[in-house]
Amino acid sequence: MAAELHVELVAADRSVWSGEATLVVARTTSGDIGVMPGHQPLLGVLESGPVTIRTSDGGTVVAAVHGGFLSFADNKLSLLAEIAELADEIDTQRAEQALERAKSDEDDAAQRRADVRLRAVAGR
Amino acid sequence: MGAQLRVYKRRIRSVTATKKITKAMEMIAASRIVKAQRHVAASTPYATELTRAVTAVATGSTTKHPLTTEVEAPVRAAVLLITSDRGLAGGYSSNAIKAADRLTERLRGEGKEVDSYIVGRKGVAYYTFRERKIADSWTGFTDNPTYADAKRIATPLIEAVQQDTAEGGVDELHIVFTEFISMLTQTPVEHRLLPLSLEGAAEEAGTKGEILPLYDFEPSAEDVLDALLPRYVESRIYNALLQAAASKHAATRRAMKSATDNAGELIKSLSRLANAARQAEITQEISEIVGGASALSDATAGSDR
């Protein structure tokens, strides 16, 4: 059995996902970072983007996070985000519509959000 | 039916209708408390993790950040007061306002200017009626606050803290809200959010005394702190809003419960009065009949003789 780390993906108003994983890939402000069990204690600022969690039973969980950070210590990884959604929860059609709407309204924040959602779905 | 009796009957009807309304409001508030409590519980993991991380960065690095450093001689403080949009909650809003007044008084005593920031229509109404200056106010979401609301409140506050005092910035940020202790107890409390006191933060997270690991910072300690502290303030404000909402519902429930009880008492005493009035009316009628009959019999007896 490979080593595992415990992952908590927490949004501001709810706990989104928690479980054991073998690898977590997230995008920080200075580039993508992969965290495996036994990593050195780490605190990083996350970019808006998809986070990929490879679970210990071989599955993959993809989530879209918008603004947040990750902290790793004692084999426990906390991903904190203001808004976080699992790729399974995202309605592709609605996200596409939101992207179109955001583009036509020139609402940068909304456009970025919709874009991150779609990328998370693509990585599923 | 006599006039007096009719008046009593009418009052009983109106009180009964009021009682039904307050009873319904009590039950609605009771169901909302549970929902609000669930929101508070759901936001706890984020707040705990965030506090832990902030404590870790602040203790693990020697970085100085405007949001954590104490100013030698603070000249201006911001007070964020959280009240409710709606009344019918007993002393809920006025207790929070009083707590804010006490805090303002104390800060003024320490020689600081005070900027008031207010959430909720009740607080805004109180301040505008007394023609006090409001730096900024937000209304319309106190019953069911979202994280976006907390963010909207936090942004100008953080800007004010980061600004130079000479240009209208503030040195300290205090928050006054009603803490939800239990269904029966809610007390207004005040906290100093900024500058952040690390011992306080550690205590909240329950990590006091625990040795925090030496973190690697990505990209750097300053950048992490820059990103973390506003999130921390937002999350504290969010938590305060949620607790205030739960407290408001609890206060409404209690106020409506006593209103319902009072209405019950009133109905009871009014029915007693109505009964007495009815009895008096009957007695009067009987005595009138008896009196009339005896007068009649007296009159006929007289004519016989």
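The following legends describe close-up views of a predicted model with chains A and B.

**View 1. Contacts between chain A and chain B.** In this view, 23 residues of chain A are in contact with 23 residues of chain B. On the chain A side, the elements that contribute two or more residues are strand 1 (5-11), strand 2 (14-28), strand 4 (42-46), strand 6 (60-73) and strand 7 (76-86). Strand 4 of chain A supplies the largest share, 4 residues. Sorted by class, the side of chain A that touches chain B holds 11 nonpolar, 8 polar and 4 charged residues.

**View 2. Strand pairing across the two chains.** Strand 4 of chain A runs parallel to strand 6 (residues 216-218) of chain B, and 3 bridges join these strands. Within this pairing, Gly44(A) has Glu218(B) as its bridge partner.

**View 3. The largest nonpolar core.** This core comprises 103 residues, and Ala63(A) and Leu79(A) have the most contacts inside it. Helix 6 (residues 221-304) of chain B provides the largest share of the core, 19 residues. From chain A, domain 1 (5-87) and domain 2 (90-122) each contribute at least three residues to the core.

**View 4. The surroundings of Leu79(A).** Leu79(A) is one of the residues with the most contacts inside the largest nonpolar core. When neighbours within four places in sequence are left aside, Leu79(A) is in contact with Val7(A), Glu8(A), Leu9(A) and Val10(A), and also with Ala26(A), Val51(A), Val65(A), Gly68(A) and Leu70(A).

Conventions:
Residues numbered from 1 in each chain as written. Chains lettered and ligands numbered in written order. Predicted model: local features only at pLDDT ≥ 70, side-chain atom pairs only at ≥ 80, totals over all residues. Contact = placed C-beta atoms within 7 Å. Nonpolar A, V, L, I, M, F, W, Y, C, P; charged D, E, K, R; others polar. Pairing = 2+ DSSP bridges. Core = buried A, V, L, I, M, F, W, Y, C linked by C-beta atoms within 7 Å. Buried ≥ 20, exposed ≤ 12 C-beta atoms within 10 Å, placed from the backbone. Domains from an automatic or database assignment.
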